[in-house]
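Dear colleague,

I am passing on the structure below, and after it you will find my notes on what turned up when I went through the contacts. Please read the two side by side.

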Amino acid sequence: MIWVGGLVLAVVLYLVGPDRFLDACLNLYNAIDAALRGLVAMLGAQTYSVVRALAIAIYVVFVVLAVLASQRGHRGFAALLIVSAVFLIMVWRPYGAYPVPIGRWLAALALVVIGAVVMTQRLTLRPFNRDRPLPPYPPGGRPQ
């Protein structure tokens, strides 16, 4: 393997020229660096749009799940108000000159994902029956 590497290096040195080998290596390094920076910039712009779209869509999912949980007798209305207020505080800029930073959108996305997961968990529980009598205190205790 070392002999093959040495032969490949000799061919590259011959093709590039021994006096310009370091310049060619630095140019290759700069070209790779510029390509990677361009890729990151392109993906950064697309990522911003994807995160915003996900945050808004998952917020709508959260609202629907919270309303369904409230209708079934689970706690959901207060969570709907709190999460909505925090979400709007994080992402709303009515007269801002610059868009909201992606970090705030990521935090808002995390908030609504957690809220939607909690509401989904509440919807998988049995509906709360308000007509059913409460169990005796302490639960499982002897009737007196």
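**Notes on the contacts**

R37 is exposed, with a relative accessible area of 58%, whereas D33, at 29% relative accessibility, counts as partly exposed (buried means under 20% relative accessible area, exposed over 50%, and partly exposed in between, with a 1.4 Å probe and protein chains only). Before going further, please keep in mind that this is a predicted model, in which local features need pLDDT of at least 70 and side-chain atom pairs count only at pLDDT 80 or more, while totals for chains, interfaces and linings use all residues. Residues are numbered from 1 along each chain as its sequence is written, and side-chain values use heavy atoms, with hydrogens and water left out.

R37 and D33 form a salt bridge, their closest N and O atoms being 3.1 Å apart, and a search of the whole structure finds one such bridge (a side-chain nitrogen of Lys or Arg within 4 Å of a carboxyl oxygen of Asp or Glu). Both residues lie in helix α2 (residues 21-71), four residues apart, which is about one turn of the helix; helices here are DSSP runs of H or I with at least four residues, numbered from the N terminus.

The structure also holds two aromatic pairs, for which rings of Phe, Tyr and Trp (its six-membered ring) must have their centres within 6.5 Å, with planes under 30 degrees apart counted as stacked, over 60 as edge-to-face and the rest as tilted. Y59 and F87 are stacked, at 4.7 Å centre to centre and 5° between the planes, and because Y59 lies in helix α2 and F87 in helix α3 (residues 77-91), this pair ties together parts that are 28 residues apart in sequence. F87 and W105 pair edge-to-face, at 6.5 Å centre to centre and 80° between the planes, and since W105 belongs to helix α4 (residues 102-124), that pair links parts 18 residues apart in sequence. F87 is buried at 5% relative accessible area, W105 is buried at 8%, and Y59, F87 and W105 form one aromatic cluster.

Finally, α2 and α3 pack at an angle of about 160° with their axes 9 Å apart (axes are lines fitted to C-alpha atoms over the stretch in contact, and angles run from 0 to 180 degrees between N-to-C directions). The two helices are therefore roughly antiparallel, a term for angles over 145 degrees.

Conventions. Angles under 35 degrees count as roughly parallel, over 145 as roughly antiparallel, 65 to 115 as roughly perpendicular and the rest as oblique.
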